[in-house]
Amino acid sequence: MALLEVTNLKTHFTTRDGVVRAVDGVSFSVEEGHTLAIVGESGSGKSVTALSLMRLIPDPPGKIIEGSIILRGDDVLKMDDSTVREMRGDRIAMIFQDPMTSLNPVFRVGFQIGEALRIHKGMTRKEAAARAVEMLELVGIPNPADRARDYPHQFSGGMRQRAMIAMALACDPDILIADEPTTALDVTIQAQILELMIELQQRKGTAIIMITHDLGVVADMADDVMVMYAGKQVEYGSAHDVFYQPRHPYTWGLLDSLPRHDIDEKGTLLPIEGQPPSLIDVPSGCAFHPRCPYAQDRCVKESPELRDITSGHMAACHFAGEDGFVRGEAVPVTGGVE
């Protein structure tokens with residue numbers, strides 16, 4: 001049985017302008033020790049999916065209106081508030097995008113790491129402090145005993161992110177959710193953080209859910225990939241299948257937007273035309289059809305179901321799996337759709 005099984009998750013936000021369907025019927029699973037990458041443009045629903053798993057959706061205006069989140073046989077959505085608080089940090093932990101806003105500026109870093117240990121593991125203050133130093137050493141921070149007494153503003157961006165990882169892993173969670181963990185870091189530090197996460201996963205067997213728009217990170221880390229667009233899954237499968245045999249035109253667009261040094265020395269970028277839709281007013285049929293060069297009239301009228309194309313590789317496209325409808329061979333529709 002999967003460590004985490006998410007079925008038909010729907011998270012909506014009520015605003016003055018209408019209902020924002022931020023996550024609209026998402027299903028996936030995560031195996032122990034595996035990494036699932038959730039990719040897509042900004043506003044596709046990636047971060048809201050992660051916050052839903054942690055039960056951190058602000059209500060109001062947000063609400064998880066449907067679905068189930070089964071963690072080792074327990075439905076997170078049916079837990080009472082005290083059980084959810086016990087779960088956070090202990091069974092599921094999260095690394096947020098900006099560590100400076102996630103760390104409390106008035107408490108020392110070691111104290112903040114130790115706090116989770118005191119709450120979830122019942123450690124004394126002295127035991128938690130010693131464990132915090134061990135965790136800082138584990139994530140590669142030099143002079144950990146001294147740095148544990150520092151405040152977050154005394155850490156560099158890369159060190160703050162390492163401290164956040166130390167805090168997230170302190171209680172040995174089953175699942176680590178990493179929401180754009182390297183976005184604000186330079187390329188060298190990014191590589192170090194990713195190597196650290198891979199090393200810690202191999203050492204501790206933690207499952208990782210990686211939220212990112214960086215397909216290079218996905219290629220390095222992921223076992224499985226879920227591609228999201230306008231709050232829905234458009235493709236889901238192993239990293240190998242999604243990278244080398246992508247089935248949805250949106251995934252083709254994401255892959256084509258990477259620099260291509262095999263085409264020319266400059267590294268050509270082929271952007272996806274247009275903008276992601278408003279989640280209050282999602283286009284009819286396939287939400288991607290206004291931007292899709294292969295869209296036909298059926299795409300405007302009918303919403304495609306996420307269906308199995310080949311042994312666990314799924315796509316939500318009317319034409320996925322048809323002969324000739326593959327990346328690099330499909331022929332754009334002249335003049336688009338009416």
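1. A polar contact is taken here as a pair of N or O atoms within 3.5 Å, of which, within protein, one must be able to donate a hydrogen and the other to accept it. In this predicted model, the side chain of Arg 91 meets that cut-off, reaching the backbone oxygen of Leu 71 at 3.2 Å.

2. Arg 91 is placed in the loop that runs between α2 (81–87) and β6. Leaving aside residues up to four places away in sequence, Arg 91 touches Leu 71, Arg 72, Asp 74 and Met 79, together with Pro 173, Asp 174 and Ile 175. From Arg 91 to Arg 125 the separation is 34 residues in sequence and 21 Å in space, C-alpha to C-alpha.

3. The largest pocket has a volume of about 520 Å³. It is lined by 20 residues, of which Arg 88, Gly 89, Phe 96, Ala 116 and Met 167 are the closest to its centre.

4. Three elements, β6 (92–95), α4 (109–120) and α7 (157–169), each contribute at least two residues to the lining of the largest pocket. The largest share, five residues, is that of α4. Sorted by class, this pocket lining comprises twelve nonpolar, five polar and three charged residues.

5. The model also holds four cavities of 30 Å³ or more.

6. The lining of the largest cavity has ten nonpolar and three polar residues and no charged ones, whereas the lining of the largest pocket includes three charged residues.

Technical notes: Residues numbered from 1 in each chain as written. Predicted model: local features only at pLDDT ≥ 70, side-chain atom pairs only at ≥ 80, totals over all residues. Heavy atoms only, no water. 1 Å grid on protein atoms, 1.4 Å probe; cavity = no way out; pocket = protein on both sides within 12 Å on 5 of 7 lines; lining within 4 Å. Points joined across faces, edges and corners; volume = space filled by probe spheres on them. Helix = DSSP H or I, 4+ residues; strand = E, 2+ residues; numbered from the N terminus. Nonpolar A, V, L, I, M, F, W, Y, C, P; charged D, E, K, R; others polar. Contact = heavy atoms within 4.5 Å.
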